[in-house]
Amino acid sequence: MAVSRNAKEVKLVIRVDEGNDKFKSLTYSRIKVDANDEAVLAAGKAIGSLQPKKVAEICRHDVVTLNG
């Protein structure tokens, strides 16, 4: 059976190092569902550069519905 995928939502998550193995997640929603990975990464780097603490990682969270 073929499964179809329908993109619903994309979020940009920037994890900031708080020290002592603790991280804080900064989540930005309302990202265009058709935004490519390079654009999301560039936005994450730009926003992360404004943070006083070190950025540990930049993540993209996709929410999709699956039909089949």
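Colleague: Leaving aside neighbours within four places in sequence, which residues is Gly44 in contact with?

Modeller: In this predicted model, Gly44 is in contact with Leu12, Ile14 and Ile58, once neighbours within four places in sequence are set aside. Gly44 itself lies in helix α1, which covers residues 37-48.

Colleague: Is Gly44 buried or exposed?

Modeller: A residue is called buried when its relative accessible area is under 20%. Gly44 has a relative accessible area of 0%, and therefore counts as buried. Gly44 and Val13 are 31 residues apart in sequence, yet their C-alpha atoms are 7.8 Å apart in space.

Colleague: What does Ile14 touch, not counting residues up to four places away in sequence?

Modeller: The contacts of Ile14 include Gly44, Ile47 and Gly48. Ile14 also touches Lys24, Ser25, Leu26 and Tyr28, as well as Val55 and Glu57.

Colleague: Which residues make up the largest nonpolar core?

Modeller: Such a core is a set of buried nonpolar residues joined through side-chain atoms within 4.5 Å. Here the largest one has six residues: Leu12, Ile14, Val16, Leu26, Ala35 and Val40. Strand β1, residues 4-19, gives the most to this core, with three residues.

Colleague: How many helices and strands does the chain have, and what pattern do they follow?

Modeller: There are one helix and three strands, and reading along the sequence gives the pattern β-β-α-β. As for contacts in the chain with a separation of 6 or more, 63% are between residues 24 or more positions apart.

Colleague: Where does Met1 lie, and how far is its C-alpha atom from that of Gly68?

Modeller: Met1 belongs to the segment before β1. Exposed means over 50% relative accessible area; Met1, at 87% relative accessibility, therefore counts as exposed. The C-alpha atoms of Met1 and Gly68 are separated by 6.6 Å, although the two residues are 67 residues apart along the chain.

Colleague: What is the radius of gyration of the chain, and what would a compact globule of 68 residues have?

Modeller: The chain has 15 Å, whereas a compact globule of 68 residues would have a radius of gyration near 11 Å. The C-alpha trace spans about 45 × 25 × 15 Å along its principal axes. Of the 68 residues, 16% count as buried.

Definitions and conventions. Residues are numbered from 1 along each chain as its sequence is written. This is a predicted model: local features need pLDDT of at least 70, side-chain atom pairs count only at pLDDT 80 or more; totals for chains, interfaces and linings use all residues. Side-chain values use heavy atoms; hydrogens and water are left out. Buried means under 20% relative accessible area, exposed over 50%, partly exposed in between (1.4 Å probe, protein chains only). Helices (H or I, at least four residues) and strands (E, at least two) are DSSP runs, numbered from the N terminus. Contact means heavy atoms within 4.5 Å. The radius of gyration is taken over C-alpha atoms; the globule rule is 2.2 Å times the number of residues to the power 0.38.
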